[in-house]
Amino acid sequence: MTDRFDAVVAGAGPAGAQCARDLARRGHDVVVFETEPEEEFPRQSNKSTAGTFPSMLSSFGIPDDVVMNYTDDVVLESPNGHFVRDQPGAVLEFADFKRYLVRDGREQGAEYRFDSRVSKPITENGEVVGVRYDGDREAYADVVVDATGPAAPLAKALDVVDLERENQAIGVEYEMEGVDVEADGYADLTDAMMLRLDHEYAPGGYSWIFHTGGDTAKVGLCYLQNEAHREYARDGMGIDDYLQHWLDTDPRFADAERIEGEVHRGSAHVQLPGEMSTDGFMAVGDTVPTVDPLWGEGIHTCMKSGRAAAATADRCLMLEEVDTSAERLSVYDDLWHRDVAPSVRTRLLMTRLLYLASNERYDELMADLSRLDGDTLSEANDGNPRAILRLLHLGDLPLLARFAREQLAR
Ligand SMILES: Cc1cc2nc3c(=O)[nH]c(=O)nc-3n(C[C@H](O)[C@H](O)[C@H](O)COP(=O)(O)OP(=O)(O)OC[C@H]3O[C@@H](n4cnc5c(N)ncnc54)[C@H](O)[C@@H]3O)c2cc1C
């Protein structure tokens with residue numbers, strides 16, 4: 001059985017669903033293939049803590065009813081310190097959010113086919129012209145978008161991405177009740193998203209408590225499986241053991257219990273993207289990969305990449321003679337670097353350096369953050385080298401030397 005569309009999107013995550021929403025709104029004939037069955041959607045793909053910021057909600061018209069809790073602060077924590085920044089945010093119910101994107105996309109005219117697993121691209125004369133799904137079924141389109149997250153069956157087959165295990169961050173989280181968000185000796189986590197740098201619990205990564213109202217919170221951790229992780233990891237411990245160790249030893253969880261069935265896990269690659277498009281094809285979201293290396297914020301960046309791909313495809317499909325050649329679609333790569341993740345290279349380096357630092361250095365970092373003004377912090381977070389230098393000490397020289405050696409080895 002064959003079908004023909006203007007655009008085929010593989011994967012109904014934030015990136016693919018947003019791309020389909022935008023294309024449908026522009027009047028294009030778009031179909032989204034999603035591997036999970038609709039009755040259970042999202043099941044395995046319900047993976048995200050879904051902490052985000054008002055700019056995402058307003059840019060993409062996301063309604064309040066998918067927000068579990070509006071937050072006021074972002075808190076950074078180290079083993080013996082913390083830093084509080086007044087910054088409004090929102091913790092979404094990720095499953096409701098994904099279902100909303102599908103519903104709204106359909107209202108705009110996009111077609112969704114659930115329980116439909118895309119397996120490979122169909123090419124003619126080196127150009128992508130469609131996809132094979134559910135075994136031998138085929139769908140043809142002027143432009144094909146891989147938005148399947150790290151699975152990336154199309155982008156991998158086309159050699160558009162090379163996702164490396166060394167750069168794969170893995171994460172797990174539980175939704176919990178009975179969490180003490182106002183515990184003595186810690187920052188007040190009421191209506192806050194807290195990220196903790198502490199190798200005891202997340203070697204080579206970070207852990208988090210995102211308040212979801214009352215005594216409930218999302219509690220999780222993630223780490224990259226790289227040198228920093230190997231240096232700080234304990235023998236025989238896997239990611240679930242680290243989360244359990246945190247739950248067993250942090251007094252804020254003394255009376256806490258897991259909410260049944262509410263466990264989220266997944267992975268994302270943290271590496272520099274290469275090419276993101278070729279003839280008739282674009283890769284978006286975590287397939288590229290697009291998640292922010294430093295703090296794992298992927299929803300907003302993935303939505304932006306879906307929008308950049310839709311804008312590029314729209315331009316190609318509106319030409320008098322449709323042209324989705326690699327040259328035309330490379331505009332998407334430019335938009336990605338300009339609008340989606342402008343300082344990705346610096347942020348990647350900052351991430352590798354940050355996760356190499358010791359717990360003692362994390363305590364110092366909290367003190368440094370409290371001493372610096374808000375503008376410098378924003379600039380450092382945006383990758384401004386001068387602002388980052390203000391966070392470094394003379395005592396960091398051995399760390400920087402090691403970092404430089406590891407970068408050269410890469
Ligand atoms: C534990 C964890 C916590 C996170 N917390 C946050 C956070 O707090 N804030 C934030 O902004 N980001 C967070 N992220 C990152 C964010 O969730 C991701 O960056 C984002 O979901 C990626 O969107 P995507 O659309 O690219 O891919 P995905 O969300 O992975 O969606 C891909 C979709 O494709 C489908 N699919 C896969 N293979 C196929 C196939 N072969 N055929 C058809 N369909 C297929 C999947 O079922 C899925 O629905 C977190 C990630 C993890 C793992």
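Contact here means heavy atoms within 4.5 Å. Leaving aside neighbours within four places in sequence, Tyr-332 is in contact with Met-276, Met-282, Ala-283, Val-284, Val-288, Ser-305, Ala-308, Ala-309 and Thr-312. The model is predicted: local features need pLDDT of at least 70, side-chain atom pairs count only at pLDDT 80 or more, and totals for chains, interfaces and linings use all residues. Residues are numbered from 1 along each chain as its sequence is written, and side-chain values use heavy atoms, with hydrogens and water left out.

Tyr-332 also belongs to the largest nonpolar core, which holds 72 residues. A nonpolar core is a set of buried Ala, Val, Leu, Ile, Met, Phe, Trp, Tyr and Cys residues joined through side-chain atoms within 4.5 Å. Buried means under 20% relative accessible area, exposed over 50%, and partly exposed in between (1.4 Å probe, protein chains only). Val-8, Met-56, Ile-62, Leu-92, Phe-97, Tyr-112 and Tyr-332 touch the most other members. Helix α7 (residues 299-317) gives the largest share of this core, 9 residues. Helices (H or I, at least four residues) and strands (E, at least two) are DSSP runs, numbered from the N terminus. At least three core residues come from each of domain 1 (2-50 + 94-163 + 271-340) and domain 2 (64-92 + 166-269). These bounds come from an automatic or database domain assignment. A second, separate core has 38 residues, including Ala-228, Val-291, Leu-377 and Ala-387.

Strand β10 (residues 168-177) has 9 of its 10 residues buried, so it is largely enclosed by the rest of the structure. Two strands pair if DSSP finds at least two bridges between them. Strand β14 (residues 257-269) runs antiparallel to β10, joined by 9 bridges. Here Ile-170 has Ser-267 of β14 as its bridge partner. Strand β13 (residues 217-224) also pairs with β10 in the antiparallel sense, over 8 bridges. Gly-171 stands opposite Cys-222 in β13.

Aromatic pairs were assigned next. Rings of Phe, Tyr and Trp (its six-membered ring) pair if their centres lie within 6.5 Å; planes under 30 degrees apart count as stacked, over 60 as edge-to-face and the rest as tilted. The count comes to 10 aromatic pairs. The rings of Phe-41 and Phe-114 have centres 5.1 Å apart and planes at 65°, so this pair is edge-to-face. Phe-41 lies in the loop between β2 (30-33) and β3 (51-52), and Phe-114 in the loop between β6 (111-113) and β7 (118-124), so the pair ties together parts that are 73 residues apart in sequence. Phe-41 is buried at 3% relative accessibility. Phe-114 is buried at 11%. Tyr-201 and Trp-246 form a tilted pair, with 5.9 Å centre to centre and 35° between the planes. Trp-246 is buried, with a relative accessible area of 0%. Tyr-206, Trp-208, Trp-295 and Tyr-355 are linked by ring pairs into a cluster.

Phe-41 is also joined to Pro-42 by a cis peptide bond, with omega about -10°. The bond from Val-288 to Pro-289 is cis as well, with omega near 5°. Pro-289 sits in the loop between β16 (281-283) and α7.

Asp-159 has a positive phi, near 60°, in a residue other than glycine. Asp-159 lies in the loop between α4 (153-157) and β10. At 69% relative accessibility, Asp-159 is exposed. Phi of Asp-191 is also positive, near 50°. Asp-191 is partly exposed, at 22% relative accessibility.
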